[in-house]
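My notes follow the order in which I checked things.

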Amino acid sequence: MEKKPIRVVVAKPGLDGHDRGAKVVAQALRDAGMEVIYTGLRQTPAQIVEVAIQEDAQVVALSSLSGAHMALFPQVVKGLQAEGLNDVLVLGGGVIPDDDIPGLKEAGVAEIFTPGTDTRDIVKYIEAHFNGGK
Amino acid sequence: MFDSEKIAQIGEAKAKWQENTLAKVVKKNPERQPEFKTDSGITMNTLYTPEDVADLDYANDLGFPGEYPFTRGVQPNMYRGRHWTMRQYAGFGTAEQTNERFRYLLDQGQTGLSCAFDLPTQIGYDSDDDLSQGEIGKVGVAIDTMADMEILFNSIPLDKVSTSMTINAPAAVLLAMYIAVAEKQGVSSDKISGTIQNDILKEYIARGTYIFPPAPSMRLITDIFAYCAEKVPNWNTISISGYHIREAGSSAAQEIAFTLADGVAYVQAAINAGLDVDKFAPRLSFFFNSHMNFFEEIAKFRAARRIWAKIMKERFGAKNPRSWALRFHTQTAGSTLTAQQPNVNIMRVAFQALAAALGGTQSLHTNSKDEALALPNEESVLIALRTQQVVGYEINAADVVDPLGGSYYVESLTNQLEAKAMEYIQKIDDLGGAPNAIEYMQREIQASAYRYQKSVENGETIVIGVNKFQMKEEPPKGLLKVDPALGESQKAKLKKVKESRDNAAVEAALARVKAAAEGNENLMPPIIEAVKAYASLGEICGVLRNVFGEYRQQIIF
């Protein structure tokens, strides 16, 4: 039986223009067989939630290198929850100091991937999430 | 440079050496890799000899420093007269905080300023805009009105210091504020010097802080060229940047090619706008990355100078030697910094700084060791500045012009990079020039970035601390944190300015900006009048957004 591919929205919240990491991750997830939608730059949290609904996303992967993660990532989680999308796996990546990670996790971001992450680890993390327990 | 008989003898001798000496050793101890390649895909041979540069024509290909084609450098005696400008990019939080950091850096022997603006400023939004929330003062200083700019340069004499501003889409507005602040200090616009980045094409390609579509953006740029040629003669009106193209993942050859292709587009636009090439071209400047492949980077700077000189002389018919000379700023490669074992970054930065010096840079920013984690704190900025001071003052690397000129290897690399870059430039010309080749360049960069990531993941490329020599470490302490409450205080400051200014004068000034934007009049004079009336950056850019529209990015991955 063929498995349906995992659907991922890779998004750039805020005004940050650094998209090398987001695009590399998007391509790596696609090469791993996932269905990937990349939003492009300068998305508001509301716009990202909207794309997640439209694309029926199972994963929303957020990237920020501008230091706006504490303000913006939790807003995406809240927006998804407000739409009843409590099962969407929200991931974060970028230049994110260790000190900020507990707060982001508390706000509902499942995992944070910082510079130097192997893209295969992100693939493994997502696959384990959907294949284990669900 | 050698006669053909001697080259043939060397070739024969080399063949013998390979067979009799080298082959035996390699057979016994195989080499570390089946082949060695630079990141531009150039094969690195075991050894270089005169054979590899047999076609080099000294007078035409290298010449003398300060003369066409400037391969060996843009000044005759380079750093024997004066070192490169040591210029650390800085800016965060409020104008007060950044002013303090500027004065600290000047006290430590830095010789020029380089200002980082926050993202709302770079994209033309005021701090009270909804889209600015979470970003105020984060990656640079927040500037809403000329009042912030007055604080930013408080007690810094603008006739004595040169200032580089990393500002692109709203460059005209920030330059206008700088001119107005200088005037308030009693310094006329012909006495100030500095640089605005003002390079919109690479924003579309790789950096992302665009506002307007290409045509009105190019018009703003050529308006600045024309205005500065008359009124601000010592200002570098653009810094055509390969830095961000490289950070986005390009190779060295792509960095030169895409940057110079952008340069060609600006020169062509200015000529089309009726400007005389020799009036504006001497004020064009460039900005490159200094990356990990040490010798290829040095060759890259040399090749870029030679290609640009040929383009300006042969393609655009420039007559003034200063129009031919490619002057550039360098920054060490941010993307090579690791979050793991951050002290190792100090060494990476030192080698990259040395490559920039050996490549003949005019100014240099050395990155701080903690930049994969946060904005740098004062201690790490000081180490970074000291690193380039060691390169400049202690190791005699600055005492001879182009010390690697004549190296068989470096000359061979210089030639090969030139050839590769020219192929890309030809391809971009065929697509109708850089403004029509944005998606092509993005695809090329993305392919290189992905290739690099895979090569790190499969261990072909070694990154210490990431895929080799890893160790357990404690999270670093003392990272710089921008106070999240700062957004509120910046908004309060803006509110106060808006309440205390003459709002009728602001409206009138904004109407003049609008009229100029709708017509053909140079935009700089009305923008200068508007900033003097304390119109905000967001208000001025808002007027321009209404007239010009906004750029929509094509999504390529």
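I started with strand S4 (residues 89-94) of chain A, in what is a predicted model. Three bridges join S4(A) to S5(A), and the two run parallel. I looked up one partner: Gly93(A) is bridged to Phe113(A) in S5(A).

Next I traced the whole sheet. It is an open sheet of five strands in chain A, in the order S2-S1-S3-S4-S5, with parallel pairing. I noted strand S2 (35-38) and strand S5 (111-113) of chain A as the edge strands, since each pairs on one side only. From one strand to the next, the twist averages 20°.

I then checked which helices touch the sheet. Helix H1 (residues 20-31) of chain A lies across strand S1 (7-11), S2, strand S3 (59-64) and S4 of chain A, and runs at about 160° to S2(A). Helix H2 (residues 45-54) of chain A also packs on the sheet, where it touches S1, S2 and S3 of chain A. The direction of H2(A) makes about 160° with that of S1(A).

Last, I turned to chain B. Helix H10 (residues 252-272) and helix H12 (residues 294-315) of chain B pack with their axes 10 Å apart, at an angle of about 25°. Because angles under 35 degrees count as roughly parallel, H10(B) is roughly parallel to H12(B). The crossing of H10(B) past H12(B) is right-handed. I listed the contact residues, among them Leu260(B) and Gly263(B) of H10(B) and Ala304(B) and Trp308(B) of H12(B). By class, I recorded nine nonpolar, one polar and four charged residues in this contact of H10(B) with H12(B).

Conventions
Residues numbered from 1 in each chain as written. Chains lettered and ligands numbered in written order. Predicted model: local features only at pLDDT ≥ 70, side-chain atom pairs only at ≥ 80, totals over all residues. Pairing = 2+ DSSP bridges. Helix = DSSP H or I, 4+ residues; strand = E, 2+ residues; numbered from the N terminus. Axes fitted to C-alpha atoms, helices over the stretch in contact; angles between N-to-C directions. Contact = placed C-beta atoms within 7 Å. Parallel < 35°, antiparallel > 145°, perpendicular 65-115°, else oblique. Left-handed = near helix turned anticlockwise from the far one by under 90°. Nonpolar A, V, L, I, M, F, W, Y, C, P; charged D, E, K, R; others polar.
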